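Biologist: I would like to learn how to read a structure like this one. Please show it and take me through it.

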Amino acid sequence: MKRNVRWMHVLMGAVATVLLLGVCAWAGGDGDVAAQMAEAAGTGGMPWWAWPVILLFFCFILGIIAVLAGVGGGVLYVPLVSGFFPFHLDFVRGAGLLVALAGALAAGPGLLKRNFASLRLALPVALIASSCAIVGAFLGMALPTNIVQLCLGGTIMFIAILLLVSKNTAHPVVTKQDAVGLALGINGAYHDPSTGELVEWKTHRTLPGLLMFIIIGIMAGMFGLGAGWANVPVLNLMMGAPLKVAVGTSKFLLSITDTSAAWVYLNNGCVIPLMAIPSVVGLMLGSFVGVRLLAKAKPAFIRYMVIGVLLFSGGKALLKGLGF
Amino acid sequence: MSEKTKGTASPEQISYANLLFYGCWTGLGIMIVTYLIYVLGLMSPHVSMDHVVQLWSRPVHDYLTQGNVPSGWGWVGLLGKGDFLNFLGIVLLAGLTIVCYIPLIPAYLKKKDPVFAILALAEVLILLVAASGIVGGGAH
């Protein structure tokens, strides 16, 4: 498995270089055409290929920051790209869901094998969240753009505050499992590599926790965000899953929740490959590098930096929604 | 010794993880290859590059009408075009969860766990409905 992962890192690095060089080489070989295209497109003198290249680098950096800050890529991608790039919010949300989906799919196998993600916890939660994500996606597409921008800005600022004040618990105390959790057999155990201990867990307040995923699913679908920022506190603080299981299951859950919403955006034409694919590839490559930097980074500083970025981009989305 | 006392993942969880691993990397590989074919101009696009750049700052409705872009599964008919060829990798990633969920149904039935078999079946149906495009969108 380790060899597989190392091999994948090398492969992805090589592919990114090829991707970048390929685009530049093509454009460089036909500069006049590119310049004419840019003029015709009216993108401030930028040739068409400049945006995918900028997006690839931007998402690469975003991927590093997201891993270091412990947030999903989508929550940074949607407000920042809709605020600072020329793309309409419809396409940013479509690409944002693909970004969150690809990251979750890539992380899923490792989390499931280590038992940090639990199918028994994820299946009931995913069914609720993914159904509601479809509703959210339709809501997001039916509402006027400025309203969605306003709601997005408010949500992003709320997430920033949530990150600032929430204090997750590594091992919540669950004295007695509730009836719903017991009936569904939502419990498990994992080996904690940091302590070498076998950690057994079970849930409480399962029904209210499951109901919270109605709101989380709608928000994920509506704004094209991965909803890890909301999944973790509900699974950990409300339902009593250990932090590692909450984080792992949350990441895995995104692969299911975002799938349902991604199809809605896909079927409605909200995915433009020219901008969506560099976003996905850039963010995934950044995530790989971020994981390697994780050991050396100062998480507290990065956490505050991300909170600052979220407040700023949330504010910008609010202003955009208000027409400024 | 049970899976719980050992702290190991259940067999169905391991199968899911393996399927996800290979499917995910295959999807990303296809995505990168088809993107290179597209941007290097090896296959002509349905919507020209200059037109995409104009349309991506407008609402999706304008993109669909002015770019003559089909919605739903209409992209299948345009797989011969560089831009729509990219949907192969995207759709593989978007459909991977459905593929991974299907083996869970017989696995849970075999374990005499009908509740989780029904949960898995319901999830497959929901994702299939979302993928089918049956439920219409209100794109603006």
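Modeller: Start with burial: a residue is buried if 20 or more other C-beta atoms, placed from the backbone, lie within 10 Å of its own, exposed if 12 or fewer, and partly exposed in between. In chain A, 56% of the 324 residues are buried. This is a predicted model, where local features need pLDDT of at least 70, side-chain atom pairs count only at pLDDT 80 or more, and totals for chains, interfaces and linings use all residues. Residues are numbered from 1 along each chain as its sequence is written, while chains are lettered from A and ligands numbered from 1 in the order in which they are written.

Biologist: How many helices and strands does chain A have?

Modeller: Helices (H or I, at least four residues) and strands (E, at least two) are DSSP runs, numbered from the N terminus. Chain A has 13 helices and 2 strands.

Biologist: Which strands pair, and how do they run?

Modeller: Two strands pair if DSSP finds at least two bridges between them. Here S1 (residues 187-192) and S2 (residues 197-202) of chain A run antiparallel, joined by 6 bridges. Tyr190(A) is opposite Val199(A) in S2(A). The two strands form a hairpin with 4 residues between them, and Gly196(A) in the turn has a positive phi of about 75 degrees.

Biologist: Which residues have the most contacts inside the largest nonpolar core?

Modeller: In soluble globular proteins, nonpolar side chains tend to be buried together. A nonpolar core is a set of buried Ala, Val, Leu, Ile, Met, Phe, Trp, Tyr and Cys residues joined through C-beta atoms within 7 Å. The largest one has 151 residues, and Leu98(A), Leu101(A), Ala102(A), Met275(A) and Val280(A) have the most contacts inside it. Helix H5 (residues 89-113) of chain A gives the most to this core, 16 residues.

Biologist: What is Leu98(A) in contact with, beyond its neighbours within four places in sequence?

Modeller: Two residues are in contact if their C-beta atoms, placed from the backbone, lie within 7 Å. Beyond those neighbours, the partners of Leu98(A) include Val280(A) and, from chain B, Ile90(B).

Biologist: Why is Gly315(A) called partly exposed?

Modeller: Because 16 other C-beta atoms lie within 10 Å of Gly315(A). Gly315(A) is in helix H13 (residues 299-321) of chain A. Leaving aside neighbours within four places in sequence, Gly315(A) is in contact with Gly153(A) and Met157(A).

Biologist: How many residues does each chain give to the contact between A and B?

Modeller: Chain A gives 68 residues and chain B gives 60.
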